[in-house]
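I opened this notebook to record what I looked up in one model.

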Amino acid sequence: MKRILHAVEAWMDDFKIKNKFYILYILCVLVPLIVTDSAVFSVVMKSEREAREHEMANIANAVAYSISNTVNNAAEIGKSIYTSKYINRFWRIPTAIRWTMW
């Protein structure tokens, strides 16, 4: 560890104090800021994506329920018409008489 510090110190001896402060600023302020911001951004984006997927799943379930409900209603209406004794009686009347009833 001491060798690394001595190597960095020897390398930094050639720079002016202004450039040393720039390097210190970049390494101690900008790099940690970028790393933490990117981590927070990643978490927020993941949360938003999951929220959108959940919302889309809810919409898809609502559409599936609506279609199923519509089909079931149509089937019940068809069954009601098929089993209605009044409609059955109406269709047993001969056609010529049926049209004069209107």
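In which helix does Lys20 lie? I found Lys20 in helix H2; helices (H or I, at least four residues) are DSSP runs, numbered from the N terminus. The model is predicted, and local features need pLDDT of at least 70, side-chain atom pairs count only at pLDDT 80 or more, and totals for chains, interfaces and linings use all residues. Residues are numbered from 1 along each chain as its sequence is written, and side-chain values use heavy atoms, with hydrogens and water left out.

**Entry 1: Lys20 and its distances.** I looked up the accessibility of Lys20, which counts as partly exposed because its relative accessibility is 26%; buried means under 20% relative accessible area, exposed over 50%, and partly exposed in between (1.4 Å probe, protein chains only). Ala7, in helix H1 (residues 2-12), is also listed as partly exposed, at 47%. I noted 15 Å from C-alpha to C-alpha between Ala7 and Lys20, which are 13 residues apart in sequence. For Lys20 and Val31, 11 residues apart along the chain, the C-alpha separation is 16 Å.

**Entry 2: the course of H2.** I recorded 67 residues for H2 and 97 Å from its first C-alpha to its last, close to the 99 Å expected at 1.5 Å a residue; the expected span is 1.5 Å times one less than the number of residues. H2 bends by about 35° at Ile26, the bend being the angle between axes fitted to the seven residues ending there and the seven starting there.

**Entry 3: a nonpolar patch.** Ile26 is also one of the residues making a nonpolar surface patch of about 780 Å². Patch residues have over 30% relative accessible area and no salt bridge, with nonpolar side chains joined within 5 Å; a salt bridge is a side-chain nitrogen of Lys or Arg within 4 Å of a carboxyl oxygen of Asp or Glu. Ile34, another member, is in H2 and counts as exposed because its relative accessibility is 57%.

**Entry 4: Ser84.** Where does Ser84 lie? I placed Ser84 in the loop between H2 (17-83) and H3 (85-92). Ser84 is buried, because its relative accessible area is 17%. Ser84 caps the N-terminal end of H3, with a side-chain oxygen 3.4 Å from the backbone nitrogen of Tyr86. Among the 8 residues of H3, the count of buried residues is 0.

Conventions: Helix = DSSP H or I, 4+ residues; strand = E, 2+ residues; numbered from the N terminus. Patch = residues over 30% accessible without salt bridge, like charges linked within 9 Å, V, L, I, M, F, W, Y side chains within 5 Å. Areas by Shrake-Rupley, 256 points an atom, 1.4 Å probe, with all protein chains shown as cover. Polar contact = N/O pair within 3.5 Å; in protein donor to acceptor, adjacent residues only side chain to side chain.
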